[in-house]
Amino acid sequence: MEIRALREADERSAFRSGEPDLDRFFQRFAAQNQFRHYVGVTYVAVDGGRILGFATVAPGHVEIEGLPAAARRTLPRYPLPVLRLARLAVDLPAQGQGLGGQLLRFVLRLAMRMSADFGCIGVVVDAKRGAVEFYAKHGFLALDAVHGQSDARPRPTAMFLPMRAIREASAGR
């Protein structure tokens, strides 16, 4: 299996993660966003020509007031660069085999490269209700609380993993 950038010729129509919004994005908009609008890059986990999962990333920024208190102490008071993990999904037959974690680790390595090349204080993800535990298990902290959620259309929980934690994890600490 390899993780690489999406190619225009990649077959995406058979991908099913069990999350219709993620599937629709991947099948209809991932290539358009990457190759026509240049607003993000989708990386795919491929085995034998079959796409097993994907992660879409884009550069972004956060305001310091939105970060956890511990992260705010030493940072400057202007918009701070982050790598935004926009979407991550695994095809149903590949779920439960650790591929989501592999894709996340790939994204964290991208954040380390971004940090070295352009500046990046960490990774931000808007985790859907069912994914909050997955990201928390990997060290992500919830940002500000979301008020006024609806059970009919719950908002995602913004979560942050600081670069220091990413570097420590990559060093095996």
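Reader: How much space lies in the largest pocket?

Author: About 1100 Å³ lies in the largest pocket; a volume here is the space filled by probe spheres set on grid points, the points being joined across faces, edges and corners. The model is predicted, so local features need pLDDT of at least 70 and side-chain atom pairs count only at pLDDT 80 or more, while totals for chains, interfaces and linings use all residues. Residues are numbered from 1 along each chain as its sequence is written, and side-chain values use heavy atoms, with hydrogens and water left out.

Reader: Why is this called a pocket and not a cavity?

Author: Both are sets of points on a 1 Å grid over the protein atoms alone; in a cavity a 1.4 Å probe fits but cannot get out, whereas a pocket is an open set with protein on both sides within 12 Å along at least five of seven lines.

Reader: What makes a residue part of the lining, and which ones lie nearest the centre of the largest pocket?

Author: A lining residue has an atom within 4 Å of a point. There are 36 of them in the largest pocket, and E19, L22, L88, K128 and A131 lie nearest its centre. Two or more residues each come from α1 (20-36), β4 (80-90), α3 (99-117), β5 (122-127) and α4 (132-137). The largest share, seven residues, is from β4.

Reader: What classes of residue line the largest pocket?

Author: 19 are nonpolar, eight polar and nine charged. Ala, Val, Leu, Ile, Met, Phe, Trp, Tyr, Cys and Pro count as nonpolar, Asp, Glu, Lys and Arg as charged, and the others, Gly among them, as polar. The second largest pocket, about 290 Å³, is lined by eight nonpolar, one polar and two charged residues. α5 gives four residues to that lining, the largest share.

Reader: How do you know that α3 and α5 meet?

Author: Contact means heavy atoms within 4.5 Å. L108, A111, M112, S115 and A116 in α3 meet M163, I166, R167 and S170 in α5. The axes, lines fitted to C-alpha atoms over the stretch in contact, with angles running from 0 to 180 degrees between N-to-C directions, are 10 Å apart at about 115 degrees.
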